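Hello,

Here is the structure I promised to hand over. Please open it first, then read the notes below it.

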Amino acid sequence: MTNYKGFAVTAAIVAAIGFSLLAMLVLLNRRDETVSLNNEIQYDDFAFSVLSVREADSVGAGSGLVRPAGVFYIVTLKIANHAVRVDYKYKRNCPLLIDERGKEYLPSFEGQPALETTLGPAALCSAPIPAGQSCVTEVVFDVPVGARPSQLRITFGSLADIFDPIFSGRKRIALTPAASPADQQ
């Protein structure tokens with residue numbers, strides 16, 4: 001029984017040291033990052049940038065025209081694959097729009113397919129993006145009237161959403177241009 005208690009205490013000490021080292025590593029490597037329009041936010045070898053944001057009162061064409069429940073915001077998104085050998089498969093539900101209150105919005109379930117009917121095949125970014133290449137697409141969000149979009153974030157699924165902020169920090173793209181030095185004075 002004494003050996004068991006000694007082993008349990010030793011295991012607890014080793015676990016506490018291991019956890020402390022992991023916590024220090026996370027704290028030293030973690031940093032929040034917010035970039036402005038036309039600047040990349042990088043996740044490993046893959047980078048995302050917002051080229052523009054505009055409002056629209058409808059998307060699609062002809063009988064496929066769709067109107068928003070609130071206001072459509074169309075984000076022009078560039079996906080760059082900086083890998084040397086690996087292709088990247090863009091998932092159209094990975095960008096999330098964030099308003100000034102912190103509420104997140106998925107791409108519009110009705111608006112996105114209607115918008116895509118007006119885009120050329122290359123602008124859909126549906127094929128894997130080869131290493132060293134990039135793709136530009138548009139994503140539409142239906143945001144309630146009065147909500148003001150301020151940021152965009154990329155999600156890679158719920159498990160990644162839990163661990164990314166802990167290990168990598170919060171990564172966001174501000175939907176406003178960077179202030180010039182003259183504007184900051």
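**What I found**

Strands E8 and E9 (residues 171-174) run antiparallel and are joined by two bridges. Keep in mind that this is a predicted model.

Start with E9. Leu 152 has Ile 173 of E9 as its bridge partner. Gln 151 stands opposite Ala 174 in E9. E1 is joined to E9 as well, through three bridges, and these two strands run parallel. There, Val 35 stands opposite Ile 173.

Next, the core. The largest nonpolar core has 29 residues, and Phe 48, Tyr 90, Leu 97 and Leu 152 touch the most other members. Several strands each supply at least two residues of this core: E2 (41-43), E3 (46-56), E4 (71-81), E7 (134-143) and E8 (149-154). E4 gives the largest share, five residues. Another core lies apart from it, with nine residues, including Val 66, Ala 114, Leu 115 and Val 140.

Which residues does Tyr 90 touch, not counting residues up to four places away in sequence? They are Leu 77, Ile 79, Pro 95, Cys 125, Ile 129, Thr 137 and Val 139.

Last, the aromatic rings. How many aromatic pairs does a search of the whole structure find? It finds three. One to look at is Tyr 43 with Phe 48: the ring centres are 6.0 Å apart and the planes are at 75°, so the pair is edge-to-face. Tyr 43 has 11% relative accessibility, so it counts as buried. Phe 48 has 0% and therefore counts as buried. Tyr 43 and Phe 48 also belong to one aromatic cluster with Phe 46 and Tyr 88.

The charged end of Lys 171 sits over the ring of Tyr 43, 4.9 Å from the ring centre.

Best wishes

Conventions: Residues are numbered from 1 along each chain as its sequence is written. This is a predicted model: local features need pLDDT of at least 70, side-chain atom pairs count only at pLDDT 80 or more; totals for chains, interfaces and linings use all residues. Side-chain values use heavy atoms; hydrogens and water are left out. A nonpolar core is a set of buried Ala, Val, Leu, Ile, Met, Phe, Trp, Tyr and Cys residues joined through side-chain atoms within 4.5 Å. Buried means under 20% relative accessible area, exposed over 50%, partly exposed in between (1.4 Å probe, protein chains only). Helices (H or I, at least four residues) and strands (E, at least two) are DSSP runs, numbered from the N terminus. Contact means heavy atoms within 4.5 Å. Two strands pair if DSSP finds at least two bridges between them. Rings of Phe, Tyr and Trp (its six-membered ring) pair if their centres lie within 6.5 Å; planes under 30 degrees apart count as stacked, over 60 as edge-to-face and the rest as tilted. A charge sits over a ring if NZ of Lys or CZ of Arg is within 6 Å of the ring centre and within 35 degrees of the ring normal.
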